[in-house]
Amino acid sequence: RVLFRSLVALTRGVVKFTDRICCVGGITGSNQFDTLVVVDIEREFQTLLTGSTADLLPPDVKPEVLERVIAVATELAVEGREGRPVGCLFVVGDTERVGAMSKPLVLNPFFGYKEEDRNILNPFMDETVKEFSSIDGAFLIRGDGVVESAGSLIQAMDSKIGRAHV
């Protein structure tokens, strides 16, 4: 959670790439601090970043959308679904380009709904996304948070061979 919150702070411009932050925490409800973590942002995220928060997210992806997707993914990783672990793929951003390289594995459960009803920032979407996470395939989410599809098979092209890998 510390790294997740650090990443969120970085994407929102609260901390800089060169900062070192100190996080203090404890067990919920204990009313005691029992953990101290120092995070060197540059060291922790050097494989992710080039040194500029401007490069961290594409211009069409809102930080709060990335934050919400990571939160839902984290909840799925920790809680699973009905006692079973769940793996899920979320693609955030350039949905037109990724959509052109994908095909539906199932009928799109988000087709026909208004954009505001299928936005990941809508608090009512949490359980819906978690429920559809058991479907094989990826969620394609626009940078503004609108879920375009679930259950999408992404076919990546191998530039050396010119074939799709499934």
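Buried here means under 20% relative accessible area. The model on screen is predicted.

**Stop 1: helix H3**

Select residues 63-79, which form helix H3. The helix has 17 residues and reaches 24 Å from its first C-alpha to its last, close to the 24 Å expected at 1.5 Å a residue. Now colour the buried residues of H3: Val65, Leu66, Val69, Ala71, Val72 and Leu76. Step past the end of the helix to glycine 80, which follows H3 and has a positive phi, near 70°.

**Stop 2: the cores**

Next, show the largest nonpolar core, a set of 14 residues. Phe90, Val129, Phe139 and Ile141 have the most contacts inside this core. At least two core residues come from each of H3, helix H5 (125-132), strand E5 (138-141) and strand E6 (147-154). Which of these elements gives the most to the core? H3 does, with four residues.

For a second, separate core, select Leu10, Phe17, Ile21 and Val39, which are included among its nine residues.

**Stop 3: phenylalanine 139**

Centre the view on phenylalanine 139. This residue is buried, because its relative accessible area is 1%. Leaving aside residues up to four places away in sequence, phenylalanine 139 touches a list of residues including Cys88, Phe90, Phe110, Val129, Phe132 and Ala150.

**Stop 4: the ring pairs**

There are three aromatic pairs in the model. Start with phenylalanine 90 and phenylalanine 139: their ring centres are 5.1 Å apart and their planes are at 20°, so this pair is stacked. The pair links distant parts of the chain, with phenylalanine 90 in strand E3 (residues 89-92) and phenylalanine 139 in strand E5, 49 residues apart. Phenylalanine 90 counts as buried at 17% relative accessibility.

Move on to phenylalanine 110 and phenylalanine 132. Their ring centres lie 5.5 Å apart with the planes at 75°, so the pair is edge-to-face. Phenylalanine 110 sits in the loop between strand E4 (102-104) and H5, while phenylalanine 132 is in helix H5, 22 residues apart. Are these two buried or partly exposed? Phenylalanine 110 is buried at 4% relative accessibility, whereas phenylalanine 132 is partly exposed at 25%.

Select the four rings together: ring pairs link Phe90, Phe110, Phe132 and Phe139 into a cluster.

**Stop 5: the cysteines**

How many disulfides are there? The count is zero. Select cysteine 23, which is in no disulfide: the nearest cysteine sulfur, that of cysteine 22, is 6.6 Å away. Cysteine 23 is partly exposed, at 21% relative accessibility. Finish on cysteine 88, also partly exposed, at 29% relative accessibility.

Definitions and conventions:
Residues are numbered from 1 along each chain as its sequence is written. This is a predicted model: local features need pLDDT of at least 70, side-chain atom pairs count only at pLDDT 80 or more; totals for chains, interfaces and linings use all residues. Side-chain values use heavy atoms; hydrogens and water are left out. The expected span of a helix is 1.5 Å times one less than its number of residues. Buried means under 20% relative accessible area, exposed over 50%, partly exposed in between (1.4 Å probe, protein chains only). A nonpolar core is a set of buried Ala, Val, Leu, Ile, Met, Phe, Trp, Tyr and Cys residues joined through side-chain atoms within 4.5 Å. Contact means heavy atoms within 4.5 Å. A disulfide is a pair of cysteine sulfur atoms within 2.5 Å. Rings of Phe, Tyr and Trp (its six-membered ring) pair if their centres lie within 6.5 Å; planes under 30 degrees apart count as stacked, over 60 as edge-to-face and the rest as tilted.
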